Structures are given as structure tokens and as C-alpha cells.
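Please open the model in a viewer and follow the selections below in order.

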Amino acid sequence: MKIGILTSGGDCPGLNAVIRGIVIKGDKLFEDEFIGYRDGWRGVIENDFMTLPRRKVRGIGRIGGTILGTSRANPFHDGADGAEIVLRQMDENDIDAIVAIGGDGTLYTANRLHEAGVPVVGVPKTVDNDLDATDYTFGFNTAVEIATESLDRLRMTGDSHHRCMVAEVMGRSVGWIALHSGMAAGAHVICLPEFPLTIDEICGYVKSAFDRGRAPLVVVAEGFIPQDAPEGFMDYDLDEFGRPRFGGVAAALAPIIEERLGVEARATVLGHIQRGGEPTGYDRVLATRLGTAAVDLVHGSKYGRMVSLRGTEIVDVPLSDAIDSTKKVPQSRWDEVEILFG
Ligand code: F6P
């Protein structure tokens, strides 16, 4: 078969390991031929691709980013007939199937294409770990490792200066990175979009840590807003899809803590640092397994499905499962961590 691969949406450590897994298995077992679309769906729309012989994926499993590039382009943009565009491109280049590696937006597009007759399978990715259709997404573990190391560093300098450190990590509508990295670093309070906290409560935890002679560490997910946020607390720009472009909640919170408690409070935004760099061993293995399993989906004509991690097994589920619900931090995980605050 001749198979097209694309990576779409925000990048994520492990994308190259998926590509490598697909190409090695397809080449060895089925003598498949591969092309890689440049910059996600943009490459499909504009017929921009590279050939992907096995030698091109040599050694890329341990490298971050994506050798194919990525974008948030969408074949259905502005009412376009996305399926017609994609099918025409595939026909012109004798492509039998597409493997789309991406988050909820990419998988939503892949599902729409599938419903219109495009032979496509999915591989889920997101550092936010917010897809319900899989237990963990690759990239999340790497982001947590990077965030934890950074939080440890912030605690160290915070201790020297007797400051409150407010660290902002990624997580648009879910707080998985904040929960895991904050718990690992021993944060004194962790603010998640899923669970309401007032500024008073946050200050209470900060004060209690300070009173015990600790330098308080506050970890905030970028999508968190305090329940009693003052008017104009955050005012986000919108991205090309009309979604808030997050960033800045730590900088808004730190001066309020400083003013209310009279302790010096400093804000740090970890931002895209969490997404760059080499994937951890865990993410390399997960990504490789998902890539090799995606080859089986294509050869089994299981279009409209995506590979997924359930427990320790790789299974496959309908693409529609990935877009139906967001995996939020459950109450039980909040209860576990909340007891550690202050
Ligand atoms: O969806 C993953 C994510 O990393 C979010 O946590 C973050 O808000 C967003 O992507 C940032 O996207 P961009 O790369 O467009 O700034």
C-alpha cells in the first residue's frame, strides 16, 4: 500500500517515534510505501509532501518535535469541501490511506473525512492528556518530567529568597500536567481548571506554608481562573479558531498574593518549554507502540478508528470516541492531592 502520514495541531514529544514505528513496521511486514505530508492538513491541501523511505526515519525516535512539521490547517476551513480536496489529492498521488497523528481537533477532522468516505485512521497525541478515548497520550509524561524539574528548581531559588513562587504550566481545560508535576514537586497549592478555588483559599494555603518556614510553591494550570477573580483579571487574545490564547494567569495571581499577604511572590510561565525537547523513554515506547498498531488498522481496513492505550494494552476505538468527551481530572484525584496543600 501507499500510505500518507501527517502530524497536525500543537507539537508533542514522541511524534517522530510514531512516524518511525509506522514506517519500519509497514516497510518490513507489508513493503508499504510512505509519504509524509508537510505541516499537517496543509500539506494535503497544497499537495506538499516528502517521500518517507525507511532510511529517513533512522534514529528519529529519540528526537522531539516532528520531522514533518505541523500546523492547525483544516481542510474544511471556510466551508470548503474537505473530503473532496483530500480524496482528489490521494487519487492524484495513488495514496491508499492516511494516518493522522493529532489531538482532538485533528481527530475531529479525521472523523469528518472518514464519514465522507476518506480511508483514514488516527493516532492520538496531546501533552495535555485530555483525550478520554485513551488512558494516556504520549508527550504527557515528557511534559510532566520537564515541569517537575522546573518546579524543583523554582522551589530551590524560592527557598533561598523566602519567596512565594507561582508557576504556570500547560493545560487548557484540564489540569493533568499541573496535578502530576505539582504533586511530584510537593507544591503547596495546585490550581486546576476543573476545581474551583478562591484567591482567599489560595492565599490561605500560601500563608500556612510560609508560617511553617517554607517557601510556598503555587502551581497553576494555564486555563485556571479563581472563582472570585476580580473584574478584568484575565483578558485573553483569541487564536485563529476563536479559542483563548492562554498564558498569564500566574503573572495575574502573583501580585495579588504579594499584596494580600505581604510576601514577595514571583511568577514563571513554563509555556512551550514543556512541549520541546526529547521524549522520555516512556513516551518513546508508547508512541512507537501506537505507530506500529496504526499500521495494523490500515491493513485491516479499520478506517474511522484510532489506536488507544487501555491499561497496558494497545487497542483501537472509533475516532468519534476521541471527540466526544474531554478527560478531566476526577474528584478522587483532587481529593487525594488537596489534603497535601498548605
Ligand atoms: O493543546 C496543547 C497545548 O499545548 C495547550 O496546552 C496550549 O494551550 C496550546 O497547546 C498552545 O498552543 P500553541 O502552540 O498554538 O501556542
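At what angle do the axes of helix α1 and helix α9 cross? Select residues 15–30 for α1 and residues 281–299 for α9: the axes come within 7 Å and cross at roughly 45°. Axes here are lines fitted to C-alpha atoms, for helices over the stretch in contact, with angles from 0 to 180 degrees between N-to-C directions. Helices (H or I, at least four residues) and strands (E, at least two) are DSSP runs, numbered from the N terminus.

The model is predicted: local features need pLDDT of at least 70, side-chain atom pairs count only at pLDDT 80 or more, and totals for chains, interfaces and linings use all residues. Residues are numbered from 1 along each chain as its sequence is written, and side-chain values use heavy atoms, with hydrogens and water left out.

α1 and α9 are therefore oblique to each other; angles under 35 degrees count as roughly parallel, over 145 as roughly antiparallel, 65 to 115 as roughly perpendicular and the rest as oblique. Their crossing is right-handed, that is, the near helix is turned clockwise from the far one by less than a right angle.

Next, select α5 (residues 140–161) and α6 (residues 176–185), whose axes come within 8 Å and cross at roughly 45°. This pair is therefore oblique, and the crossing of α5 and α6 is right-handed.

Then select α7 (residues 199–211) with α8 (residues 249–261): the axes come within 10 Å and cross at roughly 65°. α7 and α8 are therefore roughly perpendicular to each other.

Finally, turn to the largest pocket, which holds about 1,000 Å³ of space. Of its 46 lining residues, select the closest to the centre: Gly10, Arg72, Arg172, Asp239 and Arg243. A pocket is an open set of points on a 1 Å grid over the protein atoms alone where a 1.4 Å probe fits, with protein on both sides within 12 Å along at least five of seven lines; lining residues have an atom within 4 Å of a point. The volume is the space filled by probe spheres set on the points. α4 gives the most to the lining, with 6 residues.
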